[in-house]
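Please consult the sequence and structure below while reading.

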Amino acid sequence: MAPFAILGLDHIVLRVADPARSERFYLEALGCRVVKRQEKLGLVHLDAGSALIDLLPGGETAGNNVDHFCLRVEPFDEDAIRAHLIQLGIAVEPAKQRFGAEGTGPSIYLRDPDGNGVELKGPAAA
């Protein structure tokens, strides 16, 4: 049994061919708003209720543009999560501080059996 519970979707990262066009779509068609920009990466974070939609340049192939999705988990005990995943034979990197729907907090990246990126995210730092 996992040493955490999933609270919900924190964010999804989409690779987009035309970042300006995609941003206009999400702002105008869906009513999202820009929460944060990371100019160095060309990354824009858009609000989507309690979650975020992140737009990242580089989506060349239609239908194959999801970079990763992020699940908000609690409790976030890095040692317990890593031990659990390693016991299942899942490669996992050390946690890093990353931005998400609640702000910046710890997260761990892994891949599912099909190679899809999954991020497990803890609470934002106070």
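The points that follow are grouped by topic, from the overall fold to individual residues.

The structure is a predicted model, in which local features need pLDDT of at least 70 and side-chain atom pairs count only at pLDDT 80 or more, while totals for chains, interfaces and linings use all residues. Residues are numbered from 1 along each chain as its sequence is written, and side-chain values use heavy atoms, with hydrogens and water left out. The protein chain contains two helices and eight strands, where helices (H or I, at least four residues) and strands (E, at least two) are DSSP runs numbered from the N terminus.

**Overall fold**

- Read from the N terminus, the order of elements is β-α-β-β-β-β-α-β-β-β.
- The radius of gyration of the protein chain is 15 Å, close to the 14 Å that the globule rule gives for 126 residues, so the chain is as compact as a globular protein of that length. This radius is taken over C-alpha atoms, and the globule rule is 2.2 Å times the number of residues to the power 0.38.
- Along the principal axes, the C-alpha atoms of the protein chain fill a box of roughly 45 × 35 × 25 Å.
- Buried residues make up 37% of the 126 residues; buried means under 20% relative accessible area, exposed over 50%, and partly exposed in between (1.4 Å probe, protein chains only).
- The accessible surface amounts to about 7,400 Å², and carbon and sulfur atoms contribute 53% of this surface. The areas come from the Shrake-Rupley method with a 1.4 Å probe; for residues, only the protein chains shown count as cover.
- Among contacts (heavy atoms within 4.5 Å) in the protein chain with a separation of 6 or more, 52% are between residues 24 or more positions apart.

- Strands β2 (residues 34–38) and β3 (residues 43–48) run antiparallel and are joined by four bridges; two strands pair if DSSP finds at least two bridges between them.
- Lys36 has His45 in β3 as its bridge partner.
- Four residues lie between the strands in the hairpin of β2 and β3, where Gly42 takes a positive phi near 75°.
- Strand β3 is also joined to β4 (residues 51–57) by five bridges, and these two strands run antiparallel.
- The bridge partner of Leu46 in β4 is Ile53.
- The hairpin of β3 and β4 has two residues between the strands, and Gly49 takes a positive phi near 70° there.

**Helix α1**

- Ser22, Glu23 and Tyr26 are buried in helix α1 (residues 19–29). They lie on the same side of α1 because they cover an arc of only 100° around the axis, the arc being that of the directions from the helix axis to the C-beta atoms.
- An α-helix has 3.6 residues a turn, so residues three or four places apart point the same way.
- The buried residues of α1 pack against β1 (5–16), β2, β3 and β4.
- Exposed residues Glu28 and Ala29 are carried on the face of α1 turned away from its buried side.

**Leu46 in strand β3**

- Leu46 is found in strand β3 and counts as buried at 0% relative accessibility.
- Leaving aside neighbours within four places in sequence, the contacts of Leu46 include Tyr26, Leu27, Cys32, Val34, Val35 and Leu55.
- The C-alpha atoms of Leu46 and Ala101 are separated by 9.2 Å, although these residues are 55 residues apart along the chain.

**Cysteines**

- A disulfide is a covalent bond between the sulfur atoms of two cysteines. With a disulfide taken as a pair of cysteine sulfur atoms within 2.5 Å, the count comes to zero.
- The closest cysteine sulfur to that of Cys32 is in Cys70, at 17 Å, which is too far for a bond.
- Cys32 is buried, with a relative accessible area of 11%, and Cys70 is buried at 0%.

**A cis peptide bond**

- The peptide bond from Glu74 to Pro75 is cis, with omega near -5°.
- Pro75 lies in the loop between β5 (66–74) and α2 (78–87).
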